[in-house]
Every structure is written in C-alpha cells, then in structure tokens.
Amino acid sequence: MSATTVELPLTTTLGRQSPDWVRISYASALALRFRSGRFTQPFDFGGINLLLSYDRGCLSDCGYCGLARNRPGGYEEKSFIRVDWPLVETDELVRRLVRHEDKLTRLCISMVTHGRAYPDTLDIAGRITSSVATPLSLLVAPPTLNEARLRAFRDAGADMIGIGLDAVTEDLFRALRSDVPKGGLKWSQYWQIVDAARAIFGAWKVNCHTLVGLGENDADLMGIFARLLDRQIFAYLFCFNPEPDSRMGDLPKTSLQRWRRIQLAKFLLEERGVAAEQFRYDDTGALVRIHAPRELVDEAVTDGHAFMTNGCPSSGGEPGCTRPMGSWRPTEAPRDFPWRPAGAELDQIRAVLNLDGLVRPGPGPSRPPELCAPPAAGRVPE
Ligand code: SF4
C-alpha cells in the first residue's frame, strides 16, 4: 500500500475521546478519503472498522496487544495490529459513511475495556444505524457487558457480535490475559458473553476471534473450531503478528506453512464436512495428517476461499469485513487474502502446503451440509 498522510500533532488528540471521536483502521481511512493513498493491488473494499478511543486507553493488559495498558508509550502513540488507526470525528465519519454507502459492505465498532465503553458504543451504533443500512457488527469487550446490554445492542441495530477470545485454551488465556501486570480478564466471563450473545443474536450471528501463534497447538485450534461449529458460532482466524514493545513483541510470527495448513484444515472441517477425527496430530499437538480424498482437498485449495479473510458478511452475503493488513504488514504478501486468491497466489499456497506430505486417503464428508458452517464469507456455492 502506498499512502500520503497528514498526521495531527500527537498532543492535539488528548481530550478527543469517544463517543464524539473514534479511531478507524488505516484501510477504512483510505476508503473514506480521510487519508489519501491507495492499495498496491486494487480490490473492492467496504469493510469499515472503528475503535473506541480514550485518553487512558484500554484498561486491559494483554501480552500481545498493541493497546495494552502496560506497553510503553502514551495511548495516543500506540498502534493496533501494527498500523496507525487515525482519530476522526464521529459525526464526520457518519457523514462519509452516508456518502460512500453504496460501496460499504460491513461496519464494525471495536470496544476496549473502559468504563464508558458500553454507553459510548450504544451511542455510536445509534448514530450509524439511523444513517446507513450497511450491516453493523460489534466486537465487544465482555467485562463491560451483560445480557441486558447485549439486548440493547441488538435493539440499536447491530446484527452480529464478535468476541475477541484470541487465546484458545483456558491456560493460555490465563497466562496472557488474566495473570498480567494490570487488569486481568476472565475466561469464564468471556464464555458467559459468548453464550448470552448466541442466545440473543441467534445461529451464525456470533463469532469468536481466534489467534494462531500465541502458544497453542494445532489440536487446540481445531478443537475450538469444532466446538464453535457445533454451536453454530463462527470461528474467525487471525495470525499472531508481534507488536513491537508488547510483552510478546520479540516472539516469532507463526510459520507460513503452519498458518496455511490451519486455514485449510479449518475450511475442510467447517465447510466441507470432514470429521474432526480425520485430522491427526503428533505428540506436541501439531497437525501431521489429513485423512480425506485427495480430490476433495485439491478442490478446496483451488477454490481459494479457505485462504481469504474470515469476517462478518455483507448484506448480500459476500465477504464484508476483510481487514486488509490485519494479519500482515503492507510490505508483505497477505496471510489472509481480502480478495479470492488465484493463479500465482494459489501456486505459492500449494507449494507452502506441501499436500503430498500432509494428505492421506480417507473418507469423504461425514457432516451433512446443513450442519456445516454457512460459507464463512457468506458466499453461495457455485
Ligand atoms: S470479523 Fe470484522 S466485522 Fe466481524 S466482529 Fe470481527 S472485526 Fe468486526
């Protein structure tokens, strides 16, 4: 991506807080012309991500997060998922959403852990849904919520709820998000909100963000994907990308082969009906074999959707939230593609996957289509 930016002096951002101010992802700032510049590869982009903004920032302290309370630097200097999130006036943002509505596919407000997060999210959601019809997701901060508040979000017009679980096992969650220097989150409380959201919003209207590379193994990941699939909750995949100066800033990024194999295995499980038992692991929990018909696996790779961004759909069912640069830097090849990979991109994916070393003959789908995940990006089968 290339871009020319005019940044406000940092000090001027103090006092500019939600609900009257929000941060938006860099890609959103380009799409809404808050920043000039363009993506290096042109593609339709309409997923606008907002983030609440406070002078004191997020009061949680997760080991891997760019916004963590204990990470060095003032909140206004911090990046989130390694790129800048420009601060914009909420009402001006809404005016631009109206102006660009025909190109918008999905809107999302990300909460942070803060005492004002709930009323401010409700306020901003109302300003948005009274002005544009683009579907709205809320990526919620469970410590600030309860059932009544989730119902209020639904009544304000949000149609999907995301929960940033990130760490996929209780032990890992505790190590990275609970037993931390400042502000601990609770695994059980996160799941209470998952359960409440599932009850209030319904099947395939709730998603959990899951991160690859925090210290979990492949069996842990596939276990949670299967658990969420059974409950008709989407699992959305993110690749750990170390945030400089965070407590995990020096850890390596997940290897490309592991990442691609997890993307493929998740897709086969969720959307092609391959049973959980057909994925085999070694003593460390690493995925070593997939027992399935080779032609089924080859078709899934060639289809390309397995390697696209997992995200909430647009009203038409196509990919809505595609978060370019969410899991990769602008200078890198995409880890998850905001477009459908093809040609040379698929050749590279196949080379990295090394299917000859991974796939062995096995049974076909055992899960009927009605019990599979609707295509995660909402697409209809061709
Ligand atoms: S996938 Fe995108 S729109 Fe959906 S909850 Fe996550 S960040 Fe929000």
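This briefing covers the overall build, the sheets, the ligand shell and some backbone details of one protein model.

The model is predicted: local features need pLDDT of at least 70, side-chain atom pairs count only at pLDDT 80 or more, and totals for chains, interfaces and linings use all residues. Residues are numbered from 1 along each chain as its sequence is written. The protein has eleven helices and 13 strands. Here helices (H or I, at least four residues) and strands (E, at least two) are DSSP runs, numbered from the N terminus. Eight of the strands form an open sheet, and three strands form another open sheet.

**Overall build**

- Along the principal axes, the C-alpha atoms fill a box of roughly 60 × 45 × 40 Å.
- Of the 382 residues, 44% are buried. A residue is buried if 20 or more other C-beta atoms lie within 10 Å of its own, exposed if 12 or fewer, and partly exposed in between, with C-beta atoms placed from the backbone.
- Among contacts with a separation of 6 or more, 77% link residues 24 or more positions apart. Two residues are in contact if their C-beta atoms, placed from the backbone, lie within 7 Å.

- Two strands pair if DSSP finds at least two bridges between them.
- Strand 5 (87–89) and strand 10 (234–239) are the edges; each has a single partner strand, so one side of each lacks a neighbour in the sheet.
- Neighbouring strands of this sheet are turned by 30° against each other on average, direction ignored. The axes are lines fitted to C-alpha atoms, for helices over the stretch in contact, and angles run from 0 to 180 degrees between N-to-C directions.
- Strand 2 (residues 21–24) runs antiparallel to strand 5, with three bridges. Val-22 has Val-88 in strand 5 as its bridge partner.
- Strand 2 also runs antiparallel to strand 4 (residues 47–52), again through three bridges. Here Ile-24 stands opposite Leu-50.
- Strand 8 (residues 160–166) and strand 9 are parallel and share four bridges. Ile-161 is bridged to Val-206 in strand 9.

**The ligand shell**

- Residues around the ligand are Asn-49, Arg-106, Cys-108, Ser-137, Leu-139, Gly-162, Asn-207, His-209, Tyr-236, Gly-311, Cys-312 and Cys-321. The criterion is a C-beta atom, placed from the backbone, within 6 Å of the molecule.
- Strand 6 (106–110), strand 7 (136–140) and strand 9 (206–212) are the elements that each give two or more residues to this shell.
- By class, the shell holds five nonpolar, six polar and one charged residues. Ala, Val, Leu, Ile, Met, Phe, Trp, Tyr, Cys and Pro count as nonpolar, Asp, Glu, Lys and Arg as charged, and the others, Gly among them, as polar.

- The order is 11-12-13, with mixed pairing. Strand 11 (279–281) and strand 13 (359–360) are at the edges with a single partner strand each, so one side of each has no neighbour in the sheet.
- Strands 11 and 12 run antiparallel, joined by three bridges. Tyr-281 has Leu-287 in strand 12 as its bridge partner.
- Arg-289 is in strand 12 (residues 287–291). Arg-289 is partly exposed, with 15 other C-beta atoms within 10 Å.
- Arg-289 and Leu-358 are 69 residues apart along the chain, yet their C-alpha atoms are separated by 4.8 Å. Neighbours within four places in sequence aside, Arg-289 is in contact with Arg-280, Leu-358 and Arg-360.

**Backbone details**

- Most residues other than glycine have a negative phi, and most peptide bonds are trans.
- Ser-18 and Pro-19 are joined by a cis peptide bond, with omega about 15°. Pro-19 is in the loop between strand 1 (2–4) and strand 2.
- Asp-166, not a glycine, has a positive phi of about 65°. Asp-166 lies in strand 8 and is buried, with 21 other C-beta atoms within 10 Å.
- Asn-354 also has a positive phi, near 50°. Asn-354 sits in the loop between helix 10 (344–353) and helix 11 (355–358). Asn-354 is exposed, with 12 other C-beta atoms within 10 Å.
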